[in-house]
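Hi,

Here is the structure I promised to pass on.

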Amino acid sequence: MTFLELAKERYSERYFDSKPIEPEKLVLILEAGRIAPTGCNYQPQRIYVIQSENAMKKAVSTKASLCGCPTALLVCYDVNEVWKNPRDRYFENYNCGEQDASIVAANMMYEAEELGVHTLWIRGFDAKEVIDVFELPENHIPVMMLALGYPSENSHPAHLHGKRKALEETVKYI
């Protein structure tokens with residue numbers, strides 16, 4: 001399967017089975033995140049694996065829609081280790097932590113899909129609440145959670161999954 005075929009086939013899973021992810025698959029998914037490109041290769045990503053019953057309850061308490069997944073990854077960045085752009089006059093104090101964490105998460109999402117593990121990108125939570133609930137260090141900034149698991153028998157893409165704008169609507173040549 002080509003990358004474009006994989007990307008087109010992948011959809012946000014909202015109906016997870018309770019079957020746990022095999023440890024060897026989880027390691028491959030985490031490795032895909034580890035090798036992701038980051039600003040100046042500073043690698044500020046910090047990934048928390050949420051699997052225990054207690055950790056799952058904490059995640060759900062933050063209003064993160066985990067949809068019954070057996071594993072979730074909380075993807076953060078360390079604000080003390082992130083590349084900062086001193087030349088950007090528009091975004092004063094700009095850092096690429098969110099970009100880095102997002103690239104890491106995307107790598108893990110596509111590796112999971114290749115392994116038959118479905119994912120759901122989650123950002124409907126309050127970052128401060130996540131920091132407090134998980135007692136994260138102040139310098140670890142939550143960007144998103146990635147729910148991981150196998151699809152249940154009710155699994156299906158959302159009705160808008162295949163709807164995409166034409167390239168002409170989103171790409172401009174200058």
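Let's start with helix α4, residues 97-114: at 1.5 Å a residue its 18 residues should span 26 Å, and its end C-alpha atoms are 26 Å apart, so the two values agree. (The expected span is 1.5 Å times one less than the number of residues.) Before going on, keep in mind that this is a predicted model, where local features need pLDDT of at least 70 and side-chain atom pairs count only at pLDDT 80 or more, while totals for chains, interfaces and linings use all residues. Residues are numbered from 1 along each chain as its sequence is written, and side-chain values use heavy atoms, with hydrogens and water left out.

A quick word on names: helices (H or I, at least four residues) and strands (E, at least two) are DSSP runs, numbered from the N terminus.

Which residues of α4 are buried? They are Gly97, Asp100, Ala101, Val104, Ala105, Met108, Met109, Glu111, Ala112 and Glu113. "Buried" means under 20% relative accessible area, "exposed" over 50%, and "partly exposed" in between (1.4 Å probe, protein chains only). As a rule, an α-helix has 3.6 residues a turn, so residues three or four places apart point the same way. The buried residues of α4 pack against α1 (3-9), α2 (23-34) and the strands β1, β2, β3 and β4. After α4 comes glycine 116, with a positive phi near 85 degrees.

**The sheet**

Now the strands. Four of them form an open sheet in the order β1-β2-β4-β3, with antiparallel pairing. Its edge strands, each pairing on one side only, are β1 (45-50) and β3 (118-122). On average, neighbouring strands of this sheet are turned by 25 degrees against each other, direction ignored. Two strands count as paired if DSSP finds at least two bridges between them.

Have a look at β4 (residues 140-149). It pairs with β3 in the antiparallel sense over 5 bridges. In that pairing, threonine 119 has leucine 148 of β4 as its bridge partner, and isoleucine 122 has methionine 145 of β4. β2 and β4 also run antiparallel, joined by 8 bridges, and tyrosine 77 stands opposite isoleucine 141 in β4. Of the 10 residues of β4, 9 are buried, so β4 is largely enclosed by the rest of the structure.

Contact here means heavy atoms within 4.5 Å. Axes are lines fitted to C-alpha atoms, for helices over the stretch in contact, and angles run from 0 to 180 degrees between N-to-C directions.

How do α3 and α5 sit together? Their axes come within 9 Å and cross at roughly 155 degrees. That makes α3 roughly antiparallel to α5. (Angles under 35 degrees count as roughly parallel, over 145 as roughly antiparallel, 65 to 115 as roughly perpendicular and the rest as oblique.) The residues that meet are Ala55, Lys58, Ala59 and Ser61 in α3 and Glu129, Val133 and Phe134 in α5.

Back to α4 for a moment: the axes of α2 and α4 come within 7 Å and cross at roughly 145 degrees. On the α2 side the contact is made by Leu28, Ile29, Leu30, Ala32 and Gly33, and on the α4 side by Val104, Asn107, Met108, Glu111 and Ala112.

**Some loop residues**

Last, a few spots in the loops. Asparagine 41 lies in the loop between α2 and β1. Its phi is near 55 degrees, a positive value in a residue other than glycine, and with a relative accessible area of 48% asparagine 41 is partly exposed. Cysteine 67, in the loop between α3 and β2, also has a positive phi near 55 degrees. Cysteine 67 is partly exposed too, with a relative accessible area of 29%.

Asparagine 85 and glutamate 5 are 80 residues apart in sequence and 35 Å apart in space, C-alpha to C-alpha.

Cheers
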